[in-house]
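Please look through the model below with an eye to its aromatic rings.

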Amino acid sequence: MTQQEYIKEAEEVLLHTYNRYPIVFEKADGIYLYDMTGKKYLDFASGIGVFALGYGNQKYNDALKEQIDRILHTSNLYYNVPAIDAAKKLVHASGMDKVFFTNSGTEAIEGAIKTARKYAYRKDGRTDHEIIAMEHSFHGRSMGALSVTGNAHYREAFRPMIGHVKFAQFNDLESVKSLVNEKTCAVIMETVQGEGGIYPADKGFIEGVREICDQKDILLILDEVQCGMGRCGEMFAWQMYGVKPDIMASAKALGCGVPVGAFLMTSKVASGSLVPGDHGTTYGGNPFACAAVSKVFDLFEEEDLIGHVKEVAPYFMEKLDGLVEKYDCIKERRGVGFMQGLQFDCDPGKVVLKAQDAGLLVITAGNHTLRFLPPLVAGKKEIDEMIEKLEKVLNI
Ligand SMILES: *Cc1c(COP(=O)(O)O)cnc(C)c1O
């Protein structure tokens, strides 16, 4: 069957919740993807920030194959070695104390919300605790995660949300302060907003929020699903601010292609919140997914991916800044490390389509932003190639 025929079939059987681009990817290698017609694409989206290692890393693939032959699933009624290894590495990399593995970022957020509510409940027995979330945030599509997602359009048709969520302005400390009261149990935010348009937290803001939380024993939940796992030049983006969360959510590049997420917490939170029976999952933390996580941490270290991001990011930013200077339609660049956005003066959707024609994958984010999330293995050569392809499109 041809690519076109597959797409026609897809639209007959798959629920239409995405306006997909008319491409069927068939194989991938390094930083390149190939569609069914054999067309090659340079990938600066990496499956929305997932494929940090690039495609087809042999050591990663071998680790997964070995795990398949050993044991694929056991359930959380028993222990398994990959989950123990993965948890140890995650705890070590983050400085957090306890891990709960989930199947996705959304579920990690759900767990984080439940943990914060339970922690507050155990302190005062109230059941009307409030959460402060941020405008233009994105935390996922389940009812709980959607309830703290600052995008009215995503929420509207699905009301009522879970209750007692208030929205502050990101990077506006006063707007957070004005919402804090004796019922507040948590503040949740992305360390660097992704879907909202690539907005890093200001240092003063995140420090200020931490201080408010410390004063009132409010839990700070940082969503590192997109900005974590080395993308910003530290394993987790909060590490560049020196502000540690009480609860943290991870996913996307955590498994580098295997669906897995996690929420982590400090000992203080762990010992004062969830107890057996409070939370669970069938697949979460299964040996296959955790073998992926475990290998990802090994390869991050072996290949010094964070060192690589630190080294190459200034070049990446310099090249993007060059585009801001050269093209009137581009207003500014925002971002850190390998999480970058160009602010356009109009919807850059057409740029994305034309870039695809030119063999380049980039994506959009909120507020007319063109978003770049290259695999962390991308080097100067690929950045040059990306800029060259993008310029061809911008010159049309
Ligand atoms: C993608 C994303 C999520 C949701 O993760 P899923 O794995 O799609 O459920 C949550 N938070 C942020 C910041 C994300 O970018």
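A residue is called buried when its relative accessible area is under 20%, exposed when that value is over 50%, and partly exposed in between, with a 1.4 Å probe and only protein chains considered. By this rule Phe263, at 0% relative accessibility, counts as buried, and of the 396 residues of the chain, 53% fall into that class. The model is a predicted one, in which local features need pLDDT of at least 70 and side-chain atom pairs count only at pLDDT 80 or more, while totals for chains, interfaces and linings use all residues. Residues are numbered from 1 along each chain as its sequence is written, and side-chain values use heavy atoms, leaving out hydrogens and water.

The chain has 14 helices and 17 strands, where helices (H or I, at least four residues) and strands (E, at least two) are DSSP runs numbered from the N terminus. Its radius of gyration, taken over C-alpha atoms, is 21 Å, which agrees with the value near 21 Å for a compact globule of 396 residues; the globule rule is 2.2 Å times the number of residues to the power 0.38. Along the principal axes, the C-alpha atoms fill a box of roughly 60 × 55 × 45 Å. With contact meaning heavy atoms within 4.5 Å, residues 24 or more positions apart account for 71% of the chain's contacts with a separation of 6 or more.

Turning to the rings, the structure holds 8 aromatic pairs; rings of Phe, Tyr and Trp (its six-membered ring) pair if their centres lie within 6.5 Å, and planes under 30 degrees apart count as stacked, over 60 as edge-to-face and the rest as tilted. Phe25 and Tyr41 form an edge-to-face pair, because their planes stand at 85 degrees, with the ring centres 5.3 Å apart. Since Phe25 lies in strand S1 (residues 25-29) and Tyr41 in strand S3 (residues 40-43), this pair ties together parts that are 16 residues apart in sequence. Phe25 is partly exposed, at 36% relative accessible area, whereas Tyr41 is buried at 3%.

Phe100 and Phe263 are instead stacked, at 5.1 Å centre to centre and 25 degrees between the planes. This pair links distant parts of the chain, with Phe100 in strand S4 (residues 98-102) and Phe263 in strand S12 (residues 261-265), 163 residues apart. Elsewhere, ring pairs link Phe44, Phe316, Phe338 and Phe372 into a cluster.
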